Amino acid sequence: MDLLAGLKQESVTEMDLSDYCTVDASASVRDVLTQMQVTHCRNALVLQEGKLVGIFTDRDVLMKVADNKDALDKPITDLMTPDPVTLSKAATAADALAVMARKHIRNVPIVEDDGSVVGNFTHFSVLDFLAEQFPDIPLDSYPVYPRRFSRRRHGG
Amino acid sequence: MATEIKLTRKDFMSDQTVRWCPGCGDYAILATVQKTLPRLGIPKEKFVFVSGIGCSSRFPYYMDTYGIHSIHGRAPTLATGIKLSNPDLSVWVITGDGDALSIGGNHILHAGRRNVDLNILLFNNRIYGLTKGQLSPTSPVGTKTKSSPYGSIERPLYPVEVALASGATFVARTIDVLQKEMGEIMYQAALHKGLAFIEIMQNCVIFNNGAWFDYSDRKKRADNDLFLEAGKPMVFGKNRDKGLVLDEEQGGFKVVEIGEEYSIEDITIHDPTSLENAFLLSQLDYPMPLGIIYQVTKPTYCEGMWGQIQQVKAQKGEGDLHDLYFNADTWEVTAEEEEIKAEVRGQVDASLDEAYIDELLGVEAPEADLAEQLASMTLHDLKPKAPITIRPDALMDHALHLMREHGIGALLVVSPDRHLMGIITEADILDRVAGKDIDLHQVTVQEFMTTEPVALPLYASVLEAVHFMTQRRFRHLPVVDENLHPVGVISSRDLAEFLIKHL
Ligand code: SF4
């Protein structure tokens, strides 16, 4: 199929990789939480001297932080996933998807050879890409039942 | 055996109107074949005529025998199959200079080298007649046609030469006007075991009239035609005063007058078993050698094939086609995972929800062509995972526990009458719970959930889900039935993987 061929050709760098924020490795968990809340960002990439050293996501918050006040003052490096799975800029969208499926992960940071971050590949990256290939439909005028849309940014 | 078979020319004439141009040489050839076959004493149903494409290839329609007007150039190939599977048939190939030597050049060669027991009649009129007069591979240099208006610059092929080179074991030449001689050659060809090839010089009265005039005209042919007889000196001419002798210097035959310098004893004897002799004759056009140029006996393809089959059967018993197919070097081609060319580094976050995602990956979906059906595919087709639900008055501590236990990022909040009231996700935990001074045992889900969440009905299209998710950045989309009862949750991962699977 054309779309699949498209994914095999599309470089990850051509896709939306904006679903992340960066924090410094010296930050505390509390600092990181604050930043994620302020920026409405679910995935924090942890950098040390500009190089990616870890990843900390809302899933980590759920699993390790939400009910654990003691965790807040720990350095982020204690709770992050160190040395996460990454891909180079040479990767295609299909490569990234394959890695996500095989390793069961939701984020694949894309990094330069020197370890600096180019972006973060998520399922939204690919959904955005696919959505562009399909005809746009006006959501609010479509007779969807029930027709109730949240006005708040974080809903589902 | 049964009684003697008595057939006549009439038995071989079909009820079809013969559709060649009036005056075409093909008529004489047809009549000669029809007169010759009864002499063979073979039952009518044992004859098969196979032709390719061209004027001559209409031949099988006019014969009251089995026949196939087959594929351009491929008559020898079909005939080979017919003869192999039914060796007791008398198989005749009718072809022309275009059919046999242009498009069918390859097929004629292999019939020859295999020495298949066929009779090939090549009607050589040195022109493409059916397509209304273009150059053929046997047209002489200088021939002006519609496709060579300034004269052909191509060296022509000599059918006899080709047949000899390919390995045919009976090679002869004749001409349409000499029906008696032609009939005799056909008769000998039919008796021959192995590939019998006859070039018949045929006049195309419409597009190449007179191409063989030097050899067919009553006044000229006595001087120009050489009638070959095995074991006799190659003498020709009205007064039988000319003959062929080997020219040692030139390396070929030369024409000499029989008289003072050469006597009849000096004239070379025709030896049809000599390939060298045959090749030299094939190059001549003065005089034009007619008759059986070459004839030897060699094992035929049929004998070889059936002999081998018998021999192997005797040694190994009856074969089994299935075993043959599957005995070695067979394998199944299965879909492989795409190779990842880019460098993959680092380790997997072990804390992630493997169980949950494994389940998602296993989402079964119909095998449909997404590009065409995307708009008509519904969330029903996507088979959303059953939701994990929680009551609005449940404690947040419990919600956290449920999410961790199931390894999921979203819970649907439902009322006691199973209506969808809200959704609580890991994003809510991040934004509203984590780092705040909140005792999770004291607060309820409804204080933190998103109320009136966007939900899609089961009958919504997959396309809608894509647009909702991408435009509103929801990672989880509740799915409800007609009664607003939640029946599933779709994650961005579900959707992405469903789409990929069906692209
Ligand atoms: S076009 Fe020539 S070869 Fe064909 S039927 Fe007419 S005369 Fe015969």
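The following paragraphs describe the two chains of a predicted model, the surroundings of its ligand, and selected features of chain B.

Local features were considered at pLDDT of at least 70 and side-chain atom pairs only at pLDDT 80 or more, whereas totals for chains, interfaces and linings use all residues. Residues are numbered from 1 along each chain as its sequence is written, chains are lettered from A and ligands numbered from 1 in the order in which they are written, and side-chain values use heavy atoms, with hydrogens and water left out.

Chain A contains six helices and seven strands, where helices (H or I, at least four residues) and strands (E, at least two) are DSSP runs numbered from the N terminus. Along the sequence these elements follow the pattern α-β-α-β-β-α-α-β-β-α-β-β-α. Of the 156 residues of chain A, 58% are buried, that is, under 20% relative accessible area with a 1.4 Å probe and protein chains only, with exposed meaning over 50% and partly exposed in between. Contacts are heavy atoms within 4.5 Å; among those in chain A between residues at least 6 apart in sequence, 56% join residues at least 24 apart. Chain A exposes about 6600 Å², and carbon and sulfur atoms supply 47% of this area. Accessible areas come from the Shrake-Rupley method with a 1.4 Å probe, and for residues only the protein chains shown count as cover.

Chain B has 19 helices and 19 strands. Of its 503 residues, 53% are buried. Residues 24 or more positions apart make up 63% of the chain B contacts with a separation of 6 or more. The accessible surface of chain B is about 24500 Å², with 52% belonging to carbon and sulfur atoms.

Helix α18 of chain B (residues 462-472) is largely enclosed by the rest of the structure, because ten of its eleven residues are buried. Among them are Glu464(B), His467(B) and Arg472(B). Just after α18(B), Arg473(B) adopts a positive phi of about 55 degrees.

The ligand is surrounded by residues of chain B, including Trp20(B), Cys21(B), Cys24(B), Cys55(B), Asn125(B), Gln202(B) and Phe207(B). The shell comprises eight nonpolar, three polar and no charged residues, with Ala, Val, Leu, Ile, Met, Phe, Trp, Tyr, Cys and Pro taken as nonpolar, Asp, Glu, Lys and Arg as charged, and the others, Gly among them, as polar.

Leu321(B) lies in helix α12 (residues 321-326) of chain B. At 54% relative accessibility, Leu321(B) counts as exposed.

Notes: Near = heavy atom within 4 Å.
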